[in-house]
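Dear colleague,

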Amino acid sequence: MEKLKQAVKEIAYYRHQAKFSKLHLSLIPFLSLASSLYGALLYIRQSLYRSGFFSKNRLPVPVISVGNLTWGGNGKTPMAEFIAKRLADYGISPLILTRGYAGGDEAKMLKRHLLGGPVKVGVGANRVATANLFFEKYGYVDYRGSKFFERTYLDPKMGSHVGSQKIGAAVLDDGMQHWSLCRDLEIVMINGLMPWGNCKLLPLGPLREPLIAIKRANIAVVHHADLVLEQKLKDIKLVVQEIKESLPIFYTRMTPSYFFELRNISKKMHLGAVLNAVVLCVSAIGSPYAFVRAMEKIGPLFVDRFDFSDHYSFQLKDIQMMRGRLRQLEDKFGYKPIVIVTEKDYDRDPEILKHLHPFKVLVLCSEMQIIPCNGCNEDSFKSLLKELLEV
């Protein structure tokens, strides 16, 4: 199955069919048919929402949707966390609504990051029902039109004093195609490393919707911008502005912060723990290249990698394969290599990774940062959030 998923991904992101294997070529007719059916169903669903046949729900607090047009690696969950933390800085208690897809690795990561703070995390496919449960438990307050945010925006220190448990905003993780819920701000995330692929709809291509859907967005964010050549960033900007010229574009990166060890998650380890070490990067995420590049920049002696499809759950046979690679690296370099995984991979199933003992397993923790560019920086991003809450 992994081989099949990899083949589908290669078809979606590589335009040169002359280089495809027989497996790739045999899949294309079936993927083309499925893509046409998907497009037809997508059009019908959108039409039913536009006509009012399907109703939309509105929450009693501002809703910020963070979504994307392509599968995986777009930074939706880190951006949802980034926004929630900024709102919390100003005394507003936000609720992140996430569906808990594929074992809920992202939801578990969010809860671990935000434990003990004012940010709440609601998990469930029915976002409205989930939100209502939290409103019943904590209450809610709508700050729009009040001077509250203006005061706290000017003096962030006030946030810790005036904030309450009442929910003041909802952040919709992976919300761009969740049309049943009205939103006040639409943020579309774009993977700078692999923006549009072959520009075809799923499953022949990576697009969940045609690119024209960018028109619905209020903000575009190009993720992993630090790993992309300047010309490619200009090309992405050109595509976006051809669809919606006035759309503000921000650029983000994931910056490594620290490690924690698999058997002692409460102890933070400095990034220098892997300097001059041999490491094996193991991941089942949307952008494994970004993860590996981040590790290479930290400065280990040698970096090897095992990539699996996004949200893949490691099996014992995979562990045995990893152990075989680790023994090869140990024989080659003369000392035990270190396994590095992402937080998502840890949160998906921490227990199975313990089977890699006696090899050490470290979890890389990173945080999203906005890269200042053309006047778009963290301050201007927060200003847009401020405008939302003043409506």
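The sulfur of cysteine 376 has its closest cysteine sulfur in cysteine 373, at 7.4 Å, which is too far for a bond. A disulfide is a pair of cysteine sulfur atoms within 2.5 Å, and by this rule the count comes to zero disulfides. Cysteine 376 is buried, with a relative accessible area of 16%. Cysteine 182, at 17%, counts as buried too. Here, buried means under 20% relative accessible area, exposed means over 50%, and partly exposed lies in between (1.4 Å probe, protein chains only).

Please note that this is a predicted model, in which local features need pLDDT of at least 70 and side-chain atom pairs count only at pLDDT 80 or more, while totals for chains, interfaces and linings use all residues. Residues are numbered from 1 along each chain as its sequence is written, and side-chain values use heavy atoms, with hydrogens and water left out.

I turn now to the aromatic rings. Rings of Phe, Tyr and Trp (its six-membered ring) pair if their centres lie within 6.5 Å; planes under 30 degrees apart count as stacked, over 60 as edge-to-face and the rest as tilted. The whole structure holds 14 aromatic pairs. In one of them, the ring centres of phenylalanine 250 and phenylalanine 381 are 5.3 Å apart and the planes stand at 90°, so this pair is edge-to-face. Phenylalanine 250 belongs to strand β7 (residues 249–261) and phenylalanine 381 to helix α13 (residues 378–389), so the pair ties together parts that are 131 residues apart in sequence. Helices (H or I, at least four residues) and strands (E, at least two) are DSSP runs, numbered from the N terminus. Phenylalanine 250 is buried at 2% relative accessibility, and phenylalanine 381 is buried at 0%.

Phenylalanine 306 and phenylalanine 308 form a tilted pair, with 6.4 Å from centre to centre and 35° between the planes. Both of these residues, phenylalanine 306 and phenylalanine 308, are buried.

The charged end of lysine 120 is placed over the ring of tyrosine 138, 4.7 Å from its centre. Lysine 336 lies over the face of phenylalanine 359, 5.4 Å from the ring centre.

Yours sincerely

Note on methods. A charge sits over a ring if NZ of Lys or CZ of Arg is within 6 Å of the ring centre and within 35 degrees of the ring normal.
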